[in-house]
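Here is a short tour of some ring contacts and their surroundings. Please keep the structure open while you read.

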Amino acid sequence: MDLGLKGRVAVVLAASSGIGRGIAAVLAQEGCNLAICARDASRLASVAEEIRSGTGAQVLAEVADVGNAASLDSFFDQVFGAFGKVDILVNNSGGPPPGKSLDLMDDLYQSAFDLVLMSKVRACRRVVPSMVEHRWGRIINIESTSVKCALDNMVLSNVFRSGAAAFAKTLSMEYARDGIRVQTLLSGPFLTNRVNELGLAASRQKGIPFEQWKSEAEAGTALGRFGDPLEYGALVAFLASDRADYMTGTCIAIDGGALKTIT
């Protein structure tokens, strides 16, 4: 199926590894011109070159911390300088640290607020005017199943990802008539460094080996396995296309059937 994305300008935040990298790779395969960022310069450069050589896509790669307002703003200055517009924005970020509600101090709440919620607000401020001008835009926020079902020992994710989902829903209503579609994806366990980090923390808390935790976590999904980031990218590419034009403001789980809620 030709998704009609050739020549579109796609921005993928935090794209040097894991889900962000998988999304960037698939969008490039679909013919998008890419702008990607991450904090690790070496890993970012390697991913950008891999995508260029594998797809022939034009890739702008700039070091940026999406949780830092000035750094994110500088990145978008580079994007608009290179491409002049943004058609597709994938709001991705690293996740906040685990912890219980009253065990974490104000600084951790503030940094999670900036990383998980405000990075998306700030990015949307930069791209929505361009999308309105061109009467077409796609914004896809990468969140967690914690939006639907609170996760143990993950208060920062539970709080701020839910807030980001509410922001996305509000934005979708405000700009639907301008040709902008906004979606929220609820991520389950994928084969990423983030899942490994959380798994190590969870296995230590339970006093079990990491491999036992991983086996039990995979068994907790209906499919019995963790996801591949390229599978994630395929869903993003569909939602970014006109094939999904009658969808906006949705929360869609991509979790291998791990989420047990009905709505």
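## Aromatic pairs

Rings of Phe, Tyr and Trp (its six-membered ring) form a pair if their centres lie within 6.5 Å; planes over 60 degrees apart count as edge-to-face. In this predicted model, that rule gives a count of six aromatic pairs.

One of these joins Tyr 109 and Phe 160: the ring centres are 6.5 Å apart and the planes meet at 70°, so the pair is edge-to-face. Tyr 109 belongs to helix α4 (residues 106-134) and Phe 160 to helix α5 (residues 155-175), so this contact ties together parts that are 51 residues apart in sequence.

## Around Tyr 109 and Phe 160

Together with Phe 113, Tyr 109 and Phe 160 make up one aromatic cluster.

## Charges over Trp 136

Which residues place a charge over the ring of Trp 136? Arg 8 is one of them, lying over the face of Trp 136 at 3.6 Å from the ring centre. Arg 138 also has its charged end over the ring of Trp 136, 4.2 Å from its centre.

## Ala 202 and Trp 213

Ala 202 is found in helix α6 (residues 193-206) and counts as buried, at 18% relative accessibility. From C-alpha to C-alpha, Ala 202 and Trp 213 are 7.6 Å apart in space, with a sequence separation of 11 residues.

How values were computed: Residues numbered from 1 in each chain as written. Predicted model: local features only at pLDDT ≥ 70, side-chain atom pairs only at ≥ 80, totals over all residues. Heavy atoms only, no water. Phe/Tyr/Trp six-rings, centres within 6.5 Å; stacked < 30°, edge-to-face > 60°. Helix = DSSP H or I, 4+ residues; strand = E, 2+ residues; numbered from the N terminus. Lys NZ or Arg CZ within 6 Å of the ring centre and 35° of its normal. Buried < 20%, exposed > 50% of the residue type's maximum accessible area, 1.4 Å probe, protein only.
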